[in-house]
Amino acid sequence: MAAAAPLPAAADEPILPSRGEQLAATYCLACHTVPEPTALPRESWEFCLTYMGMFLGFHDQTQLDSFSAEEQAILEARRDFIATAELLPASPVISDEDWALLRRYYLEAAPVEAIPQIPHPAPVESRSAFRLMPTQYRRGQALTSLVHIDEERRQIILHDGLAEELTIMDRTGDIIATHPSPGVVLVDAKFAGNDVYLLSIGDLFASRIGEGFGELQRARMIGGQIYGLQVLLKDLHRSTSLDLADIDGDGFQDALIGNFGDYTGNLSLFRGTPGNRSFQPQPVILSAAPGIVAAEAFDFNADGRQDVVVLASHAREELSLLIQNPDGSFTPQSIVTQPSSFGYTGMLLRDFNDDGHMDIVTLNGDNGDSDPYNTLKAHHGIRIYLNRGGLKFEESYFYPMHGVFGAEIEDFDRDGDLDIAAIAFHPDFGQSPPENFVLLRQATSLQFEPITHPATYPGRWITIDSGDLDGDGDPDLILGAGYSPVGLRFKYPDLLESMMNDGPALLVLKNQLASSSD
């Protein structure tokens, strides 16, 4: 007699998680939110799980042998980094059987191909929106870590992280001066009169895990020349974000520095000293979270004290507020937490709906952690969080954009509302042309029309800045290129070679939108 078929579960009976799902909730949650299996395709999960297993002390040579020699070298380098950061367990914290079940849960539930973006209008090509301005600047295999338009002097400041050289150009693109900067990789520049504050990440490629080579420098900028360079702060841990403001309300300018770090990092407040010429060397640590991408001071609750909005992009990816209390301490408040594959890359503050409340724009497009294949992620893009008052924010706009890495917000077309210009370092390289630059023109409230420019197609853009370079009242754009094998070496080697040899180092785009007819 045949055995009776099992009874189906009642409609209201909960479906119990599998053992693999339970293990993911236990072990993955220790470092970040539990990722969904659909976050990556199967090929990427194979690499990512092998990498993540190292944090659990699991090192399976059989798994490593399934990868190519170059992939194995990347995995071994990551294992060395984890060990150097003292995050590698002395012995496995998970059994072979449980690790196999956890891997199977993700690999069996993962899609074969990456989840596609939600449907959205493709950018319309416009040749008349911007005019390409030629420059004297030439740099092979560029890695332009800083581009900045100095509106007061009508000059361009840029830094190449591989050449370790600062270049200053005039409004016509002619080079005024070059300044060697050995050991320095500049990522931010802020002016106060003739003083310029320069932030160096120091260790651009995280090759010296746990060590701080970053610096905050100050110099005088006169006639395109730099004088009296001083190092104000040193030993910063891969610093990527700088804001100068009187945060503690004592009348002196403070330095708020985001130390991205590597596996460790923090958000540091260096208090200013009388005369606003230096900072106290010992910082107040506002957050011990690694991966600080951006931090900016603003009084969000209108109590007369500066608060801080923070964007973190390492494991626990989060947009949050630090609300300053009357005693000078800060209370953290999360706005939104995202999965570990989110890849935050930038944040900007602007009042988009002109209601007197500061809104927040976030960018997420980092694509170098989960795997080396530039796996496309549908959640990459640009988001606007409207400030609804009472420290409440609401995601009100999303533009999908693979690998978005930087943006500028201005009224580019001078029609009275804000537009967004954005670049992508990790676009879909299989798309022709790749969406590596877009201008989102705001037509009506939070309704944007995307356009692009063909001059941007050959580049791989890593930095962007806006400003009125020529003094005509319209904000112009400058794009800096970064030619790296990351995301290209495995699936697009020919494109990598072409970009490394022939890719433009930068583009200066003169704004013609106010007079453009298309």
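## Contacts, sheet and cores in a predicted model

The side chains of Glu165 and Arg139 are joined by a polar contact of 2.6 Å. This is a predicted model. Glu165 sits in strand S5, residues 165-169. Leaving out residues up to four places away in sequence, Glu165 touches Arg139, Leu158, His159, Asp160, Thr178, His179, Pro180 and Ser181.

**The open sheet.** Five strands make up an open sheet with mixed pairing, ordered S1-S26-S25-S24-S23. Strand S1 (124-125) and strand S23 (404-410) are at the edges. Each has a single partner strand, so one side of each lacks a neighbour in the sheet. S1 and strand S26 (residues 447-452) run parallel and are joined by two bridges. Val124 is opposite Ile451 in S26.

**Helix H2.** Helix H2 covers residues 42-55, 14 residues in total. From first C-alpha to last it reaches 20 Å, close to the 20 Å expected at 1.5 Å a residue. Its buried residues are Ser44, Trp45, Phe47, Cys48, Leu49, Thr50, Tyr51, Gly53 and Met54. Their cover includes helix H3 (61-65), helix H4 (69-84) and helix H5 (96-109). Just after H2, Gly57 has a positive phi of about 80°.

**Nonpolar cores.** The largest nonpolar core has 36 residues. Phe130, Phe437, Leu439, Leu477, Leu479 and Leu506 touch the most other members. Beyond its neighbours within four places in sequence, Leu439 contacts Phe130, Phe412, Asp419, Ile420, Ala421, Glu449, Pro450, Ile451 and Leu513. A second, separate core holds 21 residues, among them Val404, Ile420, Ala422 and Val438.

**Aromatic pairs.** The count of aromatic pairs is 16. Two of them are tabulated here.

| Pair | Centre to centre | Angle between planes | Geometry |
|---|---|---|---|
| Trp45 and Tyr106 | 4.4 Å | 40° | tilted |
| Phe405 and Phe425 | 5.1 Å | 45° | tilted |

What does the pair of Trp45 and Tyr106 tie together? Trp45 lies in helix H2 and Tyr106 in helix H5, so the pair ties together parts 61 residues apart in sequence. Trp45 is buried, at 4% relative accessible area. Tyr106 is buried too, at 1%.

The pair of Phe405 and Phe425 also links distant parts of the chain, 20 residues apart. Phe405 is in strand S23, and Phe425 is in the loop between strand S24 (419-424) and strand S25 (437-444). Phe405 is partly exposed, with a relative accessible area of 22%. Phe425 is buried, with 6%.

One aromatic cluster consists of Phe47, Phe67, Tyr373 and Phe490. Phe47 is also among the buried residues of H2.

How values were computed:
Residues are numbered from 1 along each chain as its sequence is written. This is a predicted model: local features need pLDDT of at least 70, side-chain atom pairs count only at pLDDT 80 or more; totals for chains, interfaces and linings use all residues. Side-chain values use heavy atoms; hydrogens and water are left out. Helices (H or I, at least four residues) and strands (E, at least two) are DSSP runs, numbered from the N terminus. A polar contact is a pair of N or O atoms within 3.5 Å; within protein, one must be able to donate a hydrogen and the other to accept it, and residues adjacent in sequence count only if both atoms are side-chain atoms. Contact means heavy atoms within 4.5 Å. Two strands pair if DSSP finds at least two bridges between them. The expected span of a helix is 1.5 Å times one less than its number of residues. Buried means under 20% relative accessible area, exposed over 50%, partly exposed in between (1.4 Å probe, protein chains only). A nonpolar core is a set of buried Ala, Val, Leu, Ile, Met, Phe, Trp, Tyr and Cys residues joined through side-chain atoms within 4.5 Å. Rings of Phe, Tyr and Trp (its six-membered ring) pair if their centres lie within 6.5 Å; planes under 30 degrees apart count as stacked, over 60 as edge-to-face and the rest as tilted.
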